[in-house]
Amino acid sequence: MRRKECFSMEQNDEKVVRLGISLPRELLEPFDELVRKKGYSSRSEAIRDLIRNQLVEQEWKSSDEDVAGTLTLVYDHHNHDLPIRLMDIQHDHHEVVVTTQHVHLDHHNCLEVLVLRGRAGEIGALADKLIACNGIKHGVFVPSTTGRSLA
């Protein structure tokens, strides 16, 4: 006879619920390989990360949520007025630019990382605007969370 209730136990002052799932072997075997490659201590840790990633994705779909993210840009700082344009755009959005880090990769190329926080729509639009600047060699935006809504 199957039990329909979940088992819970206290662990580190938080309630942990045990549950069982069924997966086809064709899905479990590559998942176990992923768990091993990424260095998770257990399947449970990997599943918790997958769930958190989905929750963050949902958080971003609601433009009213206060979210965070990082934007990485690589560019040649000798490219005419590009550094000034990037700085002007950042100043125009100072309320969402938490901090920046500028790294000189070589004599020409720079890497800049921006930490952004605010409404999802505004952050996404700012990231797109900066990446689209003429002279950006590579730009990637990584949406994240403030962590308040995750356990």
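User: What joins S4 to S5, and through how many residues?

Analyst: A hairpin does the joining, through four residues. Just so you know, this is a predicted model: local features need pLDDT of at least 70, side-chain atom pairs count only at pLDDT 80 or more, and totals for chains, interfaces and linings use all residues. Residues are numbered from 1 along each chain as its sequence is written, and side-chain values use heavy atoms, with hydrogens and water left out.

User: What do the labels S and H stand for?

Analyst: Strands and helices. Both are DSSP runs numbered from the N terminus: a helix is H or I over at least four residues, and a strand is E over at least two. This chain has four helices and six strands, in the order β-β-α-α-β-α-β-β-α-β from the N terminus on.

User: How do you know that S4 and S5 pair?

Analyst: Two strands pair if DSSP finds at least two bridges between them. S4 (residues 97-104) and S5 (residues 109-119) have seven bridges, in the antiparallel sense, so they count as paired. Among the partners, glutamine 101 bridges to valine 113 in S5, and valine 103 stands opposite leucine 111 in S5.

User: Why are S4 and S6 called edge strands?

Analyst: The open sheet has four strands in the order S4-S5-S3-S6, with antiparallel pairing. S4 and S6 (136-144) are the edge strands, as each pairs on one side only. From one strand to the next, the twist averages 15 degrees (axes are lines fitted to C-alpha atoms, and angles between N-to-C directions run from 0 to 180 degrees).

User: What makes histidine 80 exposed, and where is its place?

Analyst: Exposed means over 50% relative accessible area, buried means under 20%, and partly exposed is in between, using a 1.4 Å probe and protein chains only. Histidine 80 comes out at 76%, so it counts as exposed. Its place is in the loop between S3 and H3. Most residues other than glycine have a negative phi.

User: What makes a group of residues a nonpolar core?

Analyst: The members must be buried Ala, Val, Leu, Ile, Met, Phe, Trp, Tyr or Cys residues, joined through side-chain atoms within 4.5 Å. The largest such core here has 21 residues, and Leu73, Leu86 and Leu130 touch the most other members. H4 (120-131) gives the most to this core, with five residues. Contact means heavy atoms within 4.5 Å. Leaving aside neighbours within four places in sequence, leucine 130 is in contact with Leu71, Leu73, Leu86, Ile89, Leu114 and Ile136.

User: How do you know which side of H2 the buried residues are on?

Analyst: The buried residues of H2 are Ala46, Val56, Glu59 and Trp60. They cover an arc of only 135 degrees around the axis, taken from the directions from the helix axis to the C-beta atoms, so they sit on the same side of H2. They pack against helix H1 (25-38), S3, H4 and S6.

User: Why is the 27 Å reach of H2 called close to expected?

Analyst: The expected span is 1.5 Å times one less than the number of residues. H2 has 19 residues, so 27 Å is expected, and its reach from first C-alpha to last is 27 Å.
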